[in-house]
Amino acid sequence: MPAFPQCAACPYDWSERACRSPRGKGPENCPTLRERELARESVRILEADPALMAFARQASLQEADGYSGREKGYAAVRPAKTRLEEVAEFAKRMGYTRLGLTFCGGLRAEGLAVHRFLEAKGFEVVSLMCKAGRVPKSALGIGPEGQVDTRCDSETMCNPVLQALGANRHGVELNVLLGLCVGHDSLFIKHAEAPTTVLAVKDRLLGHNPLAAVYQLTQYYRGLLAPEPD
Ligand code: SF4
């Protein structure tokens with residue numbers, strides 16, 4: 001067993017895990033049982049920053065509010081809200097008035113729909129599409145052979161760093177990501193000054209639902225589990 005945490009492979013039933021109950025159980029590399037200082041440090045980090053603490057507190061309250069039937073106990077709770085609603089509710093809880101919508105050109109129709117939804121909820125919306133800035137992929141050292149359209153002389157790159165700079169410049173209080181590519185999302189999150197939440201991720205093949213492959217990983221998508229060739 002590796003020394004680092006592997007909660008995803010925890011051998012204990014959800015109901016009897018150490019992270020859920022003071023008398024619960026965990027494996028040798030359980031971060032709850034073996035790395036108690038991390039839990040203390042995490043609370044210290046929140047306590048040292050009132051704004052961060054408020055953010056964490058409201059996120060947790062939003063989580064609970066996402067269920068109905070809580071007064072009847074855990075077995076009776078039911079999910080009650082879409083993520084779209086929760087993004088707007090959380091932003092309201094935090095008192096934000098200006099949101100950033102950072103979206104992919106491949107989801108421009110969805111981008112407009114989300115833009116209108118957020119405006120209908122009373123927010124100012126700063127939206128930036130991935131191709132904004134029209135920087136060619138040659139700036140990344142990529143020629144036509146590495147472009148999506150190999151016959152195009154100069155394809156515009158997705159520019160998540162520019163998207164972050166634009167959101168930063170225009171005083172966005174919370175960034176909402178919609179459909180950025182793998183890696184482009186990482187670059188945006190790294191360069192954005194305001195916190196970022198993800199409304200939806202990109203999956204070109206599965207209608208932006210990557211979990212479809214996960215749900216079928218032992219069945220129709222079992223071929224994905226094949227070892228990588230050397
Ligand atoms: S924290 Fe410990 S008990 Fe909880 S899932 Fe991870 S390994 Fe299992």
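Guide: Two residues are in contact if their C-beta atoms, placed from the backbone, lie within 7 Å. By that rule, six residues of domain 1 are in contact with eight residues of domain 2. On the domain 1 side, the touching residues divide into two nonpolar, three polar and one charged. In these classes Ala, Val, Leu, Ile, Met, Phe, Trp, Tyr, Cys and Pro count as nonpolar, Asp, Glu, Lys and Arg as charged, and the others, Gly among them, as polar.

Visitor: What should I know about the model and its numbering?

Guide: This is a predicted model, in which local features need pLDDT of at least 70 and side-chain atom pairs count only at pLDDT 80 or more, while totals for chains, interfaces and linings use all residues. Residues are numbered from 1 along each chain as its sequence is written.

Visitor: Where do the domains lie?

Guide: Domain 1 covers 29-81 and domain 2 covers 82-230; such bounds come from an automatic or database domain assignment. The centres of the two domains, taken over C-alpha atoms, are 26 Å apart.

Visitor: Which residues surround the ligand?

Guide: A residue is near a molecule if its C-beta atom, placed from the backbone, lies within 6 Å of it. The residues around the ligand are Cys7, Cys10, Tyr12, Arg17, Ala18, Cys19, Gly26, Pro27, Cys30, Pro31 and Thr32. By class, this shell has eight nonpolar, two polar and one charged residues.

Visitor: How many helices and strands does the protein chain have?

Guide: Eight helices and six strands. Helices (H or I, at least four residues) and strands (E, at least two) are DSSP runs, numbered from the N terminus. Along the sequence the pattern reads α-α-α-β-β-α-β-α-β-α-β-α-β-α.

Visitor: Why is Phe103 called buried?

Guide: A residue is buried if 20 or more other C-beta atoms lie within 10 Å of its own, exposed if 12 or fewer, and partly exposed in between, with C-beta atoms placed from the backbone. Phe103 has 25 other C-beta atoms within 10 Å, so Phe103 is buried. Phe103 sits in strand E3. Neighbours within four places in sequence aside, Phe103 is in contact with Gly111, Ser127, Met129, Leu178 and Gly179.

Visitor: Why does Arg134 count as exposed?

Guide: Arg134 has 10 C-beta neighbours inside 10 Å, and therefore counts as exposed. Arg134 lies in the loop between E4 and H6. Its phi is near 45°, a positive value in a residue other than glycine.

Visitor: What makes His208 partly exposed?

Guide: The number of C-beta neighbours inside 10 Å is 17 for His208, so the residue counts as partly exposed. His208 is found in the loop between E6 and helix H8 (211-215). His208 is not a glycine either, yet has a positive phi of about 60°.

Visitor: How much of the protein chain counts as buried?

Guide: Of its 230 residues, 17%. In strand E5 (residues 174-178), five of its five residues are buried. Leu174, Val176 and Leu178 point one way from E5, and Asn175 and Leu177 the other way.

Visitor: Which strands pair with E5?

Guide: Two strands pair if DSSP finds at least two bridges between them. Strand E3 (residues 98-103) and E5 have five bridges, in the parallel sense, with Leu99 opposite Leu174. E5 and strand E6 (residues 196-200) have four, also in the parallel sense, and here Leu178 stands opposite Ala200. E3 also pairs with E4 in the parallel sense, over six bridges, where Thr102 stands opposite Leu128.

Visitor: What covers the buried residues of H6?

Guide: The cover includes E3, strand E4 (124-129), E5 and H7. The buried residues of helix H6 (residues 160-169) are Pro160, Leu162, Gln163, Ala164 and Ala167. After H6 comes Gly171, whose phi is positive, near 65°.
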